[in-house]
Amino acid sequence: MKIGRNDKCWCGSGKKYKGCHMAFDNRIKDYRSRGFQVPNHQMIKTPEQIEGIRQAGRKNTMVLDYITPYVKAGANTAELDRLIEAYTREIGCIPACLGYEGYPKSVCISVDDIVCHGIPAEDYILQEGDIVNVDCTTIYNGYFGDASRMFCIGEVSEEKRKLVRVTKECLDLALENTRPWGTLGDMQYACNKHATENGYTIVREIGGHGCGVKFHEEPWVGHIGEPGTGILLVPGMTFTIEPMVNMGGPDVFQDEDDGWTIYTVDGMPSAQWEYTILVTEDGTEVLSY
Ligand code: MF3
Ligand code: CO
Ligand code: CO
């Protein structure tokens with residue numbers, strides 16, 4: 001659908017296209033003509049959508065803050081799930097994971113060699129020495145925020161603590177290298193470089209995703225790449241960055257029985273941190289952490 005110069009802009013500002021996003025769209029077209037992969041309009045949020053996603057992101061951050069003191073030795077992960085579901089509803093939200101493609105719980109809790117999508121269970125008790133990822137996604141007024149954090153349970157070995165720290169650094173370096181009119185490869189390169197320099201590997205098959213109007217949107221956001229390659233990043237894009245960093249090799253497999261849990265093939269530990277971010281005119285804004 002072609003918008004005329006004097007038509008209303010697609011962003012919902014009510015302004016004429018020529019005085020609003022026309023120059024912006026032309027800039028994107030120019031990149032496309034130079035061979036760049038470029039975002040479509042679904043990947044570029046309107047100011048109204050951005051405000052909705054910002055609020056959902058804040059609610060999701062509240063959920064992670066809320067659960068933090070409960071993530072300790074002796075905690076039953078099904079109980080953590082119940083606490084998260086109850087709190088999420090109390091603040092006027094819906095847990096996005098519950099029922100998502102048949103997922104049975106409100107949160108993913110992934111310990112040690114579980115890379116992601118660990119399913120909370122009554123008989124799964126957190127132990128001293130575990131490293132644990134808690135991954136929450138919250139729906140508020142129809143918008144989504146998605147983030148995860150790592151927790152070290154009691155005394156954790158130096159090598160596992162280092163994995164957790166370096167993985168957070170990978171995420172923050174990825175964020176620093178996410179810029180408007182840069183490409184996804186810029187952030188992927190920074191992220192993977194830091195993991196590799198520390199002797200770690202990044203999971204290739206699973207990554208981040210556009211996020212905000214739906215749970216998982218385009219583009220897919222891997223964490224390995226080369227500078228200047230991959231999709232062009234422009235203001236208004238909202239997506240997650242969520243590197244899974246393995247202490248050993250990068251290979252993973254899915255549990256055949258539950259159809260969800262992802263493990264490392266070599267049984268070595270894996271860590272992950274996740275933000276939902278917005279690309280702004282001059283950098284980024286973290287929408288959920
Ligand atoms: N929150 C996860 C992500 O970052 C997705 C979990 S999907 C679920 O993308 F169904 F397992 F919850
Ligand atoms: Co997540
Ligand atoms: Co995500």
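This is a predicted model: local features need pLDDT of at least 70, side-chain atom pairs count only at pLDDT 80 or more; totals for chains, interfaces and linings use all residues.
**Entry 1: two helices**

I began with helix α2, which covers residues 47–67, and helix α3, which covers residues 77–90. A reminder to myself: a pair of packed helices is described by the angle between the axes and by the distance between them. For α2 and α3 I noted an angle of about 140° and axes 10 Å apart. How do α2 and α3 lie to each other? They are oblique, because angles count as roughly antiparallel only over 145 degrees. I also wrote down that α2 and α3 cross in the right-handed sense.

Next I looked up who makes the contact. From α2 I listed Met62, Val63, Tyr66 and Ile67. From α3 I listed Leu80, Leu83, Ile84, Tyr87 and Thr88. Sorted by class, the contact of α2 with α3 has eight nonpolar residues and one polar residue, with no charged ones.

**Entry 2: a sheet of three strands**

Then I turned to an open sheet, where I read the strand order as β6-β10-β13 with antiparallel pairing. Which strands are at the edges? I found β6 (201–202) and β13 (270–272), each of which pairs on one side only. A helix packs on this sheet too: α4, residues 158–176, touches β10 and β13. The direction of α4 makes about 40° with that of β13.

I then checked one pairing in detail. β6 and β10 (residues 244–246) are antiparallel partners over two bridges. In one of the pairs I looked up, threonine 201 has asparagine 246 of β10 as its bridge partner.

**Entry 3: a hairpin and a threonine**

My last stop was strand β14, residues 275–279, where I found threonine 276. Is threonine 276 buried or exposed? Its relative accessibility is 1%, so I put it down as buried, the cut-off for buried being under 20%. Setting aside neighbours within four places in sequence, I saw threonine 276 in contact with Gly145, Asp146, Cys211, Phe239, Thr240, Glu285, Val286, Leu287 and Ser288.

I followed the chain on from there. A hairpin of four residues joins β14 to β15. β15 spans residues 284–288, and four bridges link it to β14, with the two strands running antiparallel. Across this pairing, I noted valine 279 standing opposite threonine 284 of β15.

Conventions
Residues are numbered from 1 along each chain as its sequence is written. Chains are lettered from A and ligands numbered from 1 in the order in which they are written. Side-chain values use heavy atoms; hydrogens and water are left out. Axes are lines fitted to C-alpha atoms, for helices over the stretch in contact, and angles run from 0 to 180 degrees between N-to-C directions. Angles under 35 degrees count as roughly parallel, over 145 as roughly antiparallel, 65 to 115 as roughly perpendicular and the rest as oblique. A crossing is left-handed if the near helix is turned anticlockwise from the far one by less than a right angle, and right-handed if clockwise. Contact means heavy atoms within 4.5 Å. Ala, Val, Leu, Ile, Met, Phe, Trp, Tyr, Cys and Pro count as nonpolar, Asp, Glu, Lys and Arg as charged, and the others, Gly among them, as polar. Two strands pair if DSSP finds at least two bridges between them. Buried means under 20% relative accessible area, exposed over 50%, partly exposed in between (1.4 Å probe, protein chains only).
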